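Please keep the sequence and the model at hand while reading.

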Amino acid sequence: MKLLKNKYVVIILTVVILSLITTSTFKKSITDRGMIVGISIDYVDDETIDMAVQMVVPKGSSDSGAAGNSCSVVKVRGKNVIELLIDLLAKTSAYPSLAHTSTLIVGEEFLLKRDFKPIAETLLKNTKIAEDTILVCAKGRADAVLCTDTTVNSISAFAIEKDIKSTKIVDVVAETSLAEYYISRFNKHPFFAMPYVEASEEVYESDDGSNNGTSKPKKVVSVTSTALIGDRLALVIDKDLTVAYNIVKKDYSKGIITLMPDISFEVLSKNFDMEVETDGEKIYAKAEVEFSLSSLIDNNSVKSENLTFEVTDEQIKTLENKIADDIKSTFCLCKENALDAYNVYAKLHKKLRDDIENYPDYLENTEFEINVKIRIF
């Protein structure tokens, strides 16, 4: 025990364990290694963390010559990431590697009550976890989402990644990474958005395609909306406001966007510009967004044939007004939760420089207006 209390021994032990988990220094065959593809983080109390890892262990070829893999979820508990990784190594027969982690899921309670930055910092600085590991917020417990079977992929971490990648060019918030979150924490007014996922129950037909009473419910994981985070999780916005947020924040170059029920547009170009003015008391943020869109495509018929539709000036005007209202509603909702979603501070700082210190409540005193222009080609 005295030996373990020596700080140098502890440091050496930690380096050795992290090397086992994150590098190939200790040469093991591929079948001895466990590839961690998904991680969940959940709140226990102000000092304790629950972590679950989804691990794939490659199997050697069988007598028939077929190769495969086994997947399992291992749960550990500790006060920090190092403790969690040490506990993980003790509980697994394989040597776990973080290099292949595709998805990191954080429970909403953790993001409401604790700062995720120390965990992100430890993972990025002390392990070989990929910087582009997708970061998502889970409704309820993150480990419950990680342990859910899905129809998209038998490994839920891959299913979530596939769902996010397939929707990042449409309505759901753009794919976000662990590194992007960590960098955002150094802003004067931290702000970050991540996909919000949940496990839901759906009914599927039997394997033969019939619906003869053998159908049964099955849990699936889906991206439902967007979580907005300041110092802590602030709010979850619905899909309409997610579209509005994306219009302001996301590069839609050559992407698809749904602005009408069941009808999508191909985005040819998008330009968003915002200027701020002040009279010494109020701050006025005036924004304009211009879209160049292709002709409309009916989502219900796109699989059978490509159909284009004529769009009237009245429809375009209605659409412009709806987008403007949604963008302004998103701004107001973020403002109520002290979130500078549209970077008013950066614009104000560029204009006022040192005088910005006279505006401590800049967001509260900001009035926002938006003009939307759509061109259909």
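## Lysine 249 in helix α9

K249 has a relative accessible area of 33%, so K249 is partly exposed; a residue would count as buried under 20% and as exposed over 50%. This lysine belongs to helix α9 of what is a predicted model.

Apart from residues up to four places away in sequence, K249 touches A341 and N343. N343 lies 94 residues from K249 along the chain, and the C-alpha atoms of these two residues are separated by 9.8 Å.

## The chain as a whole

The secondary structure of the protein chain consists of eleven helices and 14 strands. The chain has 377 residues, of which 45% are buried.

Among contacts with a separation of 6 or more, 67% are between residues 24 or more positions apart.

## The crossing of α9 and α10

Two packed helices are described by the angle between their axes and the distance between the axes. Helix α9 covers residues 239–249, and its axis comes within 8 Å of the axis of α10, with a crossing angle of roughly 90 degrees. That angle makes α9 roughly perpendicular to α10.

On the α9 side, the contact is formed by D240, L241, A244, Y245, I247 and V248, and on the α10 side by K322, I323, D326, I327, S329, T330 and L333. By type, the residues of this contact divide into eight nonpolar, two polar and three charged.

## Helix α10

Helix α10 is made up of 24 residues. From its first C-alpha to its last, α10 reaches 35 Å, which is close to the 34 Å expected at 1.5 Å a residue.

The buried residues of α10 are I316, L319, E320, I323, A324, D326, I327, T330, F331 and C334. Just after this helix, A338 takes a positive phi of about 60 degrees.

## Helix α11

Which residues of helix α11 are buried? In this helix, which spans residues 344–352, they are V344, Y345, L348 and L352. These residues lie on the same side of α11 because they cover an arc of only 90 degrees around the axis. An α-helix has 3.6 residues a turn, so residues three or four places apart point the same way.

The partners against which the buried residues of α11 pack are the strands β11 (263–278), β12 (283–293) and β14 (366–376), together with helix α10 (313–336).

## Lysine 373 in strand β14

K373 is found in strand β14, one of the elements against which the buried residues of α11 pack. With a relative accessible area of 38%, K373 is partly exposed.

Leaving aside neighbours within four places in sequence, K373 is in contact with V289, E290, F291 and E320. Of these, E320 is among the buried residues of α10. K373 and N271 are 102 residues apart in sequence, and their C-alpha atoms are 9.9 Å apart in space.

Is T176, with its relative accessible area of 8%, buried or exposed? T176 is buried, because a residue counts as buried under 20%. This threonine is located in the loop between α7 (156–167) and α8 (178–184).

Not counting residues up to four places away in sequence, T176 touches T133, I134 and L135, as well as F192, A193, M194 and P195.

Technical notes. Residues numbered from 1 in each chain as written. Predicted model: local features only at pLDDT ≥ 70, side-chain atom pairs only at ≥ 80, totals over all residues. Heavy atoms only, no water. Buried < 20%, exposed > 50% of the residue type's maximum accessible area, 1.4 Å probe, protein only. Helix = DSSP H or I, 4+ residues; strand = E, 2+ residues; numbered from the N terminus. Arc of directions from axis to C-beta. Contact = heavy atoms within 4.5 Å. Expected span 1.5 Å × (residues − 1). Axes fitted to C-alpha atoms, helices over the stretch in contact; angles between N-to-C directions. Parallel < 35°, antiparallel > 145°, perpendicular 65-115°, else oblique. Nonpolar A, V, L, I, M, F, W, Y, C, P; charged D, E, K, R; others polar.
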